[in-house]
Amino acid sequence: MNYEISNGISWKKYAYTFLITAVIFITAIFLSNYFSQKRINEIKNIESRIAVDILASETQFSLLSELSCRDIGSSFLSKELATLGDKLAYTEQNRGSDDPEVLNLKKYYSLLQIKDFLLMQKIKDRCGSVQANNGLSLMYFYSNEGDCEDCEKEGYVLTKLRSDYPELRVYSFDYNLDLSALQTLVSVYNIENKLPAILINDKVYYGFKSVEDMKVALPSLVELDKQKAKAEAEALKAKQATSSTKSN
Amino acid sequence: MHLISESMTYILLFIALYVEVFFLITYFEFSSSDEVEREKQITKFPSVSVIVPVWNEETTILKTIFSLLKLNYPKDKLSIFIVDDGSTDNTWKVVQRFARNSQIKLLQKENGGKHTALNYALEYVDSDLVGCLDADSYVHPEALKRIVVKFEDSEMMAVTPSVKIFEPKGLLGLIQKSEYIFGIFLRKVFSYLNALYITPGPFSIFRRSVFRQIGGYKKAHNTEDMEIAMRMQKNNMKIGNVHNAFIYTVAPTNLYALYKQRLRWVYGFLKNAIDYRGMFFKPQYGNLGMVVLPAAGFSVFSTMYFFGSMILSWVNSLIKTIQEISTVGINFKGFNLDLFYFNTDIIVFVSFIAVLGTLLIIVTSRGLAEEKHIFGLDSVFFLMFYTLLAPLWMTKAIYNVIFAQKTKWR
C-alpha cells in the first residue's frame, strides 16, 4: 500500500529528518569529544610543566650544597599544582571517576604531588621550615566511592582554606587510587581507611575537621592571620595619618 | 541509575529535535506553494452561520457581536446565532438590543455546557457553512472572506483561523501572546501535514454537512473543539488553516485563571488522546497518527521529564550550597572565566541547535502573524518562563487523568 499517496505520509521525509537529526547528534558528540580531549590535553600540558618544574627544583636542590638556603626563592615550588587539582576534579566530575584517561591523569597528578611533597620535606630538613613554605602544607586523603560522608564537607573546608591562604599547599589523594607510590605513602604514614584523613606535620587526623580545627592543627595559619591583621592595622593607620595631614 | 537518566535524556532530546526538524522541513517545503494559493480570490459567497454560545458574558458579548457585524461579508449570506446557555447575569438582557436585527437570531436554553449550546443552535442552522465564536473573542473584518476561499476546495470540510491575544497586558499576557503566535506556526505546519487535531472555539468554520455525517459536538472532557477535529480526522475529513484570518481572544490575566484554562486543555487533550488512542502510530491516519499526535503526547511527558530533572538538579545544588554555607560560611569564589570550565557536554550542543530551531520558528511565526518585529519582548518572556509555567498545569492534568478527577469549565 502506498501511504505516500493515500495518507500524505512521506516515508522519505521521515527518513531524511532522521538523518538530519542524527547528523546534528553526531556533530554534537564529535564536538563534545573534541573539547573533552582538549581539556585532557591541557591537563597533560600542565602536568608536564609541573614535572619539569619539579625536576628543575630537584636539580637545583642537588646543587644546594654549593648554594645557600637563601637561594631557594618563592618560585622553588610549583604554583600550578592547585590549578591542576581543580581542573582534574572538574574533568573527573564530567567524564566520571572510572574514565581510563582521568585515572591516568590522576595517578600522574598524585605522583607529582608526592614528589613535590618530598622535595619540600628535603628543603625543610636542610634549610628549616621557613624555607619550606613556612610549614604550610597538609595531605588530604579522601574517597569518592560513596563511603565517605564527610569528604564533601572537608572539601569545602580545604577549598576555603586554600582561598584564604594561597600559601597553603594541599596535597589531596584518592585513598582508593591504584598507585603503588600512593599505597607506600599510606603505609609509611600508617593512614587507616577512616576517611577523611588529614596528615599535618606527621600527625594524622581522622574525621571531619572544621576551619577552626585546622587552625589548631596548623598554627602557622593563626600566625598568618596575625600578620594580616597587623598589616591591615598599619595600612589603616597610614591612611588615617595621610587624611589628617591633608585636612591640616 | 545515572546511566538510565542520561540515556533517557538523550532519547527525549533526539525525539524533540526530530520533531522540530520535521516541522521546520515541512513548513519550508510547503510555504511557497501556500503563498500562491493565498492569492486566490473568492468566486462565490456561500451562506455562513456563526454560533456564539454565551454563559454569563455580559461584559464581552457586545464587542464580540459588533466584531461579527463588521465582517466584510455579504449581509444576506451571514447569520449570527447567539445562544444563551442559561446565563445567571444580564447577558440575555444585554443581547436583546439585537432582537430586531435580521442577521442575528437569539436563542435561549437551560444551562448544559458549551457543546449543548452549539448543538442546540445547529438545529436552526441551514447555511452551507457554520462556525463558532467564543464570546470572549473578536474577529478581524477580513477573516471570514479569507477562510471561505479555502472552501473552494470541495474536499475541505473545516478551516481553522489564527488566534491571537487581544491587547496582551503584563508578563502573563506577553507570554501568552508569544505562545499563541507560536501556535500559528504549528497550526500552519499541521495543516500542511493534514494533521490538524483542534478546530479552535474561536471561529473555526465547518461545512454544515460535517455535523450531518459525524454528528454534533460532544462534551469531550470540556474540550469539544479538540474532539470534533479528531472525530473528523478519524473519518478522513480534511481540515485546513488560513494563517492570516485573525481572531483575537481575551487571555486570562492572572496565573490562577490561566492555570485553570490550561489544566482543562491539557486534561482534555490527554483524555481525548486516550479516547482516540487507536489513531496513534497508525499509518492510515497519515502524519496525524504517525507524527503529530505522538509528538503532542510526547511534548507533555518530555516537558515533565525535563522540568523534573531541572528541579532535581536545582534541589541538589541548593543542598550543596546549604551544606557548604553551614560548613564554611558564605564563600563567594567569583566567576571563573577560564574556558576550561565551559560546559561542552553533548546536551549543550544539541540544546543549542534546538534553541536555534525554536528561534527560527518564533521568527517565522511572527511573520505569519504579521507582527511588526521579527522578535519581541514577549518572545524573550516566552523562552524564559513558559517551560517553568507549563509543568504547573501539566502535572495536575496528568494527576487528574491518573486519579480520574474531572476538570471544570470555570
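Student: How far apart do the C-alpha centres of domain 1 of chain A and domain 2 of chain A lie?
Tutor: This is a predicted model. In it, those two centres are 23 Å apart.

Student: And which residues belong to which domain in chain A?
Tutor: Domain 1 covers 1-127, and domain 2 covers 136-238.

Student: How many residues does each domain of chain A put into the contact?
Tutor: Domain 1 of chain A gives 11 residues and domain 2 of chain A gives 12 residues.

Student: Which helices supply the domain 1 side?
Tutor: Helix 3 (81-95) and helix 4 (100-127) of chain A each bring at least two residues to it. Helix 4 of chain A has the largest share, with eight residues.

Student: What classes of residue are on that side?
Tutor: On the side of domain 1 of chain A that touches domain 2 of chain A, five are nonpolar, four polar and two charged.

Student: New topic. How many residues of chain A are in contact with chain B?
Tutor: 27 residues of chain A, and they meet 27 residues of chain B.

Student: Which elements of chain A give two or more residues there?
Tutor: Helix 2 (11-62), helix 3 and helix 5 (151-164) of chain A do. The largest share on the chain A side is 15 residues, from helix 2 of chain A.

Student: How do the residues on the chain A side divide by class?
Tutor: The side of chain A that touches chain B has 14 nonpolar, seven polar and six charged residues.

Conventions:
Residues numbered from 1 in each chain as written. Chains lettered and ligands numbered in written order. Predicted model: local features only at pLDDT ≥ 70, side-chain atom pairs only at ≥ 80, totals over all residues. Domains from an automatic or database assignment. Contact = placed C-beta atoms within 7 Å. Helix = DSSP H or I, 4+ residues; strand = E, 2+ residues; numbered from the N terminus. Nonpolar A, V, L, I, M, F, W, Y, C, P; charged D, E, K, R; others polar.
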